[in-house]
Amino acid sequence: MSFSGLLQLGFSTVIFLLAATAAKQWGLAPSLGKILLTLALYSLGNLIMLRLIREFGMSVSFSLSAVIQLVSVNVVALVFFGERVNALQATGIMLAIAAVALITLGPYLQGR
């Protein structure tokens, strides 16, 4: 992945984190402004993803984005919103991270 692609992936991750945070805020106190902000942020993030798909392919782009977002959103939920997960849920999150990492890195580890 090129440096430009990594920057775009990072930017889309920040946008999706902002969108998830806006969605959480809407969930706590619904309002039209919050839902419109949430929709706008998710739309912007997906537009960036379309560019990444064109450049790197669908499987690589979505897999990398999924694992980065999975980790990032959980950090935000746990640290900033004080959410808690039980041991079974934490195990599921870790298995999901491992699964996406294996799907993403598998072809490279096997020499394609």
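Contact denotes heavy atoms within 4.5 Å. The structure is a predicted model, in which local features need pLDDT of at least 70 and side-chain atom pairs count only at pLDDT 80 or more, while totals for chains, interfaces and linings use all residues. Residues are numbered from 1 along each chain as its sequence is written, and side-chain values use heavy atoms, leaving out hydrogens and water.

**View A. Contacts between α3 and α4.** Helices are DSSP runs of H or I with at least four residues, numbered from the N terminus. From α3, Val60, Ser63, Leu64, Ala66, Val67, Leu70, Val71 and Asn74 meet Ile93, Ala96, Ile97, Val100, Ile103, Thr104 and Tyr108 of α4.

**View B. Geometry of the α3 and α4 pair.** The helices α3 and α4 (residues 87-109) pack at about 155°, with axes 10 Å apart; axes are lines fitted to C-alpha atoms over the stretch in contact, and angles run from 0 to 180 degrees between N-to-C directions. The pair is therefore roughly antiparallel, a term for angles over 145 degrees.

**View C. The largest nonpolar core.** Nine residues form this core: Leu9, Ile15, Phe16, Ala19, Ala22, Leu41, Ile48, Met49 and Leu52. Such a core is a set of buried Ala, Val, Leu, Ile, Met, Phe, Trp, Tyr and Cys residues joined through side-chain atoms within 4.5 Å, where buried means under 20% relative accessible area with a 1.4 Å probe, protein chains only. Both α1 (3-28) and α2 (32-56) supply at least two of the core residues, and α1 gives the most, with five.

**View D. The buried residues of α1.** Among them are Gly5, Gln8, Ser12 and Thr13. The buried residues of α1 pack against α2 and α3 (58-79).

Conventions:
Buried means under 20% relative accessible area, exposed over 50%, partly exposed in between (1.4 Å probe, protein chains only). Angles under 35 degrees count as roughly parallel, over 145 as roughly antiparallel, 65 to 115 as roughly perpendicular and the rest as oblique.
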